[in-house]
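Please consider the structure below with attention to its loops, its helix packing and its surface. The briefing begins with backbone details and then turns to the other topics.

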Amino acid sequence: MANPLPPLSLYIHTPWCVRKCPYCDFNSHEPNGELPEADYLKALLSDLDGDLALAAERQIHTIFIGGGTPSLMSPAFYERLFSEIRARLAFAPGIEITMEANPGTTEQTRFIGYREAGINRLSLGTQSFQPAQLKALGRIHGGEEAIRAVGQARAAGFDNINIDLMHGLPGQTPSLALADIDQALDLSPDHLSWYQLTLEPNTAFHSQPPVLPEEEALWDIQELGHQRLEQAGFARYEISAYSQPGRQSRHNLNYWQFGDYLGIGAGAHGKLTTIDTDGQWHIERRWKTRQPEAYLRRASDPRGFLAGKQPITIDELPLEFAMNALRLTEGVSMQAWSRHTGQVDAVLLTRLQRAHKKGLLMEMPEKLRASPQGLLFLNELLECISDE
């Protein structure tokens, strides 16, 4: 192969939010005063310059701008950012550029500006359309604002829109969860992310847990919601991702297929593969300075933005690969498994018997594919595959 390296993506993190949600464990911070757009732009480009050698002249296939709330930044910020990135990196034809946006921080003119800047996919953090659930989640928007945001995005020229929905919310019943799905479907999105609320460490919900639906209600929500989405023509291709044909998130697919990605911005993570002169692959995870103020100071610091890096060892590869690949409903071929992990079939097959007996894997001799139960209990499946 002329280029055996995996595809390369770029992740850009914007760390500011209007208000920190009680369930959020992402690197997000409420700003003190106006956003330092000019300084952050300068820092991002300096950060990217430090990573250019890692790109090894490879094309960028997808870009994802996450947060925080990226839609707090102005269209002019992104216009300048992408102009400068294009001067440094080659964009693949038809590149997918996604920006996360919150309905409470958008308006028609901004959507037009984002589209003109080159962003061609939106992911709207709706979470719910129900007033009680939105209030419990600490969201700054209402259901009507979320509906209006989709219409504004369509009018601005966006033809690839994801709606983020959560289920298992405080006070949520199966009927309320289905009402959220039905409202989202009425808006004709191209993609739906539908995932269960979890109480993550270092969040307000973890220290003061809300009352969540009982387990039986959660099972009903998951089963009924899955049926409703499939009946509407949305194919489930990952544990919590559903799309219309050809509208899968190409950026997230690159993560799940163990592709490479540069990460710039406060707290951004990256994963890079290199090949030495003996043809051996070396994979390294890297992460950047997390606190926004510290990150901005690093723009003039000779140490740069890198906060840490760690190689993925041969022993760690099977679990690292499985954590991503087995999230996909189509699974992964045995050939791809061996290529990425170095784990030969004979070693792997001795570990699969346990997973088969527990009903966590489908019977597919040439493929590893989680069963519906395996998708629900992925951690247990991973333990079966990675343990001696």
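Ser188 lies in the loop between α6 (174–186) and β6 (191–196). In this predicted model, the phi angle of Ser188 is near 55°, a positive value in a residue other than glycine.

**Other backbone features in loops**
- Asn202 is found in the loop between β6 and α7 (204–207).
- The phi angle of Asn202 is near 65°, which is a positive value in a residue other than glycine.
- With a relative accessibility of 79%, Asn202 counts as exposed, since the cut-off for that class is over 50%.
- Gly67 and Gly68 are joined by a cis peptide bond, with omega about 15°.
- Gly68 is placed in the loop between β2 (60–67) and α2.

**Packing of two helices**
- Two packed helices are described by the angle between their axes and the distance between the axes.
- Helix α2 (residues 75–86) packs with helix α3 (residues 108–117) at an angle of about 5°, and their axes are 8 Å apart.
- The helices α2 and α3 are therefore roughly parallel to each other, because angles under 35 degrees count as such.
- On the α2 side, Pro75, Tyr78, Glu79 and Phe82 meet Arg110, Gly113, Tyr114 and Ala117 of α3.

**A nonpolar surface patch**
- Trp219, Leu376 and Phe377 make a nonpolar surface patch of about 270 Å².
- Trp219 is located in helix α8 (residues 215–231).
- Trp219 counts as partly exposed, because its relative accessibility is 37%.

Key
Residues are numbered from 1 along each chain as its sequence is written. This is a predicted model: local features need pLDDT of at least 70, side-chain atom pairs count only at pLDDT 80 or more; totals for chains, interfaces and linings use all residues. Side-chain values use heavy atoms; hydrogens and water are left out. Patches are made of residues with over 30% relative accessible area and no salt bridge: like charges are joined within 9 Å, nonpolar side chains (Val, Leu, Ile, Met, Phe, Trp, Tyr) within 5 Å. Accessible areas come from the Shrake-Rupley method with a 1.4 Å probe; for residues, only the protein chains shown count as cover. A salt bridge is a side-chain nitrogen of Lys or Arg within 4 Å of a carboxyl oxygen of Asp or Glu. Helices (H or I, at least four residues) and strands (E, at least two) are DSSP runs, numbered from the N terminus. Buried means under 20% relative accessible area, exposed over 50%, partly exposed in between (1.4 Å probe, protein chains only). Axes are lines fitted to C-alpha atoms, for helices over the stretch in contact, and angles run from 0 to 180 degrees between N-to-C directions. Angles under 35 degrees count as roughly parallel, over 145 as roughly antiparallel, 65 to 115 as roughly perpendicular and the rest as oblique. Contact means heavy atoms within 4.5 Å.
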